[in-house]
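Biologist: I would like a close look at the disulfide bonding in this protein and at the backbone around it. Please describe that part in a connected way.

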Amino acid sequence: MTYSFDGLAKAYYGGNVSILNEFHAMLTDYRMPPDALYRGEPITPVDATYLVSTGTEWFNLISITTVIVQLMHPGHVWTEDPWKAVLYGRGPYEDGFAATPADCPIPANVSDDILTKALGYLAPAVERAEKMGYLDQTYVYGFDEAPLVCLGTLRRVYGAIKAKWPRVHTTAVLNWHPSGVPVDLPLDTWVLEYDIWDHPSNESQVHSSAKAFLAHSPTRRLFFYHCIAPASRQQLNTFIDRPLMEARLMYLYGAATSSLVSGWLYYAVNDWEPIKGSAMFVTRVNGSARSEFNVEHSFGSPDRFGNGDGLFIYPGQAGPVASVRMEALRDAAEDVELFRMVPTEKAESFVQKLVRSSRDFTLDPLLLESTRIAVANAALAARERQA
């Protein structure tokens with residue numbers, strides 16, 4: 001899981017350090033590393049030291065494609081991550097705009113000068129991590145939901161990083177199906193939209209690709225993720241209008257669907273892009289337990305609506321406020337911890353009672369609770385046998 005703090009600090013709290021620390025502590029309490037995917041600048045020594053002190057196992061040094069797009073368009077004022085802006089047609093491009101993901105925001109023949117400058121941005125963070133002994137806890141992010149046309153660019157950029165710093169871990173969200181990713185790609189963690197895993201049209205190819213990808217190196221990992229997709233009501237997600245139980249079943253599906261999957265990525269929990277730069281805080285309704293926050297406002301434009309996507313924490317007057325959906329995500333993480341206390345095969349049999357695939361699940365809270373109790377009893381019995 002990850003977050004984005006720049007907009008929060010600047011538009012809402014003026015960079016208040018005590019609120020930043022409170023926000024970090026809140027995320028840690030909710031089983032979420034206070035990390036950031038879309039870093040246009042290297043992680044600061046203060047943030048890196050904090051993450052190491054909290055026991056965070058894995059955090060981002062920089063978003064290398066964000067940096068490269070910025071270097072390609074000097075002087076442009078960005079209102080969102082530059083890579084995403086260009087990829088989805090909301091930023092400058094050589095021919096005007098990249099209207100569809102048919103184009104790669106960074107051409108494979110991007111100049112050596114730009115690539116060298118981008119690696120120069122990354123170098124101090126890598127050197128510091130190596131010196132302080134936490135390099136193996138870090139990764140470099142990039143190519144967020146890149147189309148297959150970016151394959152050549154990814155090879156060149158990540159290949160340059162791995163050639164210069166072999167221990168630097170590279171990560172990308174790549175929904176390339178049914179083909180999957182090439183086994184020789186200079187990529188360490190492949191992140192895949194979770195519902196692609198069991199889609200009938202590509203299931204066997206994606207599974208074969210994942211197995212080959214992971215077998216190529218013991219340091220490789222496969223993660224699942226969700227965001228505003230999948231949006232169908234026939235599939236699990238964490239939108240405001242969905243039952244809270246969906247988050248818990250989605251995590252259990254990811255944890256038990258295959259021993260190949262070792263993590264889950266989510267891009268932001270406080271995507272608060274205020275319209276025209278004006279901060280809007282969550283308010284209490286008539287002194288009751290109900291609160292009000294316009295989720296349209298948070299996306300920076302009234303015609304962009306995600307129904308809670310990227311919003312699990314709200315800006316309170318005195319600091320960040322967690323939502324009930326954030327509580328459900330913590331419950332989901334704790335469910336996974338519980339189910340991993342029993343052998344994999346047994347855990348999978350328990351999960352099957354609740355969720356069989358991304359499109360086949362049972363929204364029954366009583367069944368969830370009775371299954372949790374059965375798993376806990378099985379874990380206790382196994383521990384007693386070992387004693």
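Modeller: The model is a predicted one. A search of the whole structure returns 1 disulfide, formed by Cys 104 and Cys 150 with an S to S distance of 2.1 Å. The link is right-handed, with 115° about the S-S bond. Distant parts of the chain are joined in this way, the two cysteines being 46 residues apart. Cys 104 belongs to the loop between helix H5 (82-87) and helix H6 (112-132), whereas Cys 150 belongs to the loop between strand S2 (138-141) and helix H7 (151-164). Both Cys 104 and Cys 150 are buried.

The loop between S2 and H7 also contains Phe 143. Although Phe 143 is not a glycine, its phi is positive, at about 55°. Phe 143 counts as buried because its relative accessibility is 0%, and buried means under 20%.

A positive phi in a residue other than glycine occurs also at Arg 31, where the value is near 65°. Arg 31 is placed in the loop between helix H2 (17-29) and helix H3 (45-53), and with 39% relative accessibility it counts as partly exposed.

Cis peptide bonds complete the account. One runs from His 177 to Pro 178, with omega near 10°, and Pro 178 sits in the loop between strand S3 (170-173) and strand S4 (189-193). Another runs from Ala 229 to Pro 230, with omega near 0°; Pro 230 is found in the loop between strand S5 (221-225) and helix H9 (245-256).

Key: Residues numbered from 1 in each chain as written. Predicted model: local features only at pLDDT ≥ 70, side-chain atom pairs only at ≥ 80, totals over all residues. Heavy atoms only, no water. Disulfide = S-S within 2.5 Å. Helix = DSSP H or I, 4+ residues; strand = E, 2+ residues; numbered from the N terminus. Buried < 20%, exposed > 50% of the residue type's maximum accessible area, 1.4 Å probe, protein only.
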